[in-house]
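The following exercises, each with a worked solution, concern the structure shown below.

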Amino acid sequence: MARVIGMFPRGDQIGGLVAALRDAGFRRQDMIISNARPGDADLSETNFIKSETEELGEVSSYGESVGMPITNEAAVIVAVELQKRQKDEVVDTMWRMGATKVKVD
């Protein structure tokens with residue numbers, strides 16, 4: 001298994017990314033969207049990540065935990081769990097949808 005993580009400067013880019021990944025055969029439950037705000041994405045399907053050391057509203061620590069600290073308050077991080085052979089497709093999709101940073105781990 002691998003994980004592709006992308007940082008997007010605006011939340012309005014996330015809906016298109018999720019749709020593109022779904023069209024490519026990826027499941028929504030394999031995606032983590034961190035720092036989404038109302039109007040940014042379909043929040044009925046958003047997974048909010050909370051560690052033991054933070055309050056519910058402090059979502060930037062997820063970015064720090066994956067090596068992508070959020071410096072822009074509007075930024076959103078999307079992580080996708082996938083098979084290693086699928087990573088190039090997801091990396092390409094993230095860049096195409098406007099990611100400012102993408103990493104594979």
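**Exercise 1.** Determine how far strand β1 is enclosed, and identify its partner strands.

*Solution.* Step 1: 6 of the 7 residues of β1 are buried, so the strand is largely enclosed by the rest of the structure. Here buried means under 20% relative accessible area, exposed over 50%, and partly exposed in between, with a 1.4 Å probe and protein chains only. Helices (H or I, at least four residues) and strands (E, at least two) are DSSP runs, numbered from the N terminus. The model is predicted: local features need pLDDT of at least 70, side-chain atom pairs count only at pLDDT 80 or more, and totals for chains, interfaces and linings use all residues. Residues are numbered from 1 along each chain as its sequence is written, and side-chain values use heavy atoms, with hydrogens and water left out.

Step 1: β1 and β3 run antiparallel and are joined by 7 bridges; two strands pair if DSSP finds at least two bridges between them. Within this pairing, A2 stands opposite L82 in β3.

Step 2: β1 also runs antiparallel to β4, with 4 bridges between them. In that pairing, G6 stands opposite V102 in β4.

**Exercise 2.** Describe the order of helices and strands along the sequence.

*Solution.* Step 1: The protein contains 3 helices and 4 strands. Step 2: Along the sequence they follow the pattern β-α-β-α-β-α-β. Step 3: Among contacts (heavy atoms within 4.5 Å) between residues at least 6 apart in sequence, 74% join residues at least 24 apart. Step 4: Of the 105 residues, 40% count as buried.

**Exercise 3.** Which residues of helix α1 are buried, and what do they pack against?

*Solution.* Step 1: In α1, residues 14-23, the buried residues are I14, L17, V18, A20 and L21. Step 2: Seen down the helix axis, these residues fall within an arc of 165°, so they line one face of α1. The arc is that of the directions from the helix axis to the C-beta atoms. As a general point, an α-helix has 3.6 residues a turn, so residues three or four places apart point the same way. Step 3: The buried residues of α1 pack against β1 (2-8), β2 (31-34), β3 (76-82) and α3 (87-96). Step 4: Just after α1, G25 takes a positive phi of about 100°.

**Exercise 4.** Is R28 buried or exposed, and which backbone oxygen lies 2.8 Å from a polar atom of its side chain?

*Solution.* Step 1: R28 is located in the loop between α1 and β2. Step 2: Its relative accessibility is 8%, and therefore R28 counts as buried. Step 3: A polar atom of the R28 side chain lies 2.8 Å from the backbone oxygen of M31.

Terms used
Polar contact = N/O pair within 3.5 Å; in protein donor to acceptor, adjacent residues only side chain to side chain.
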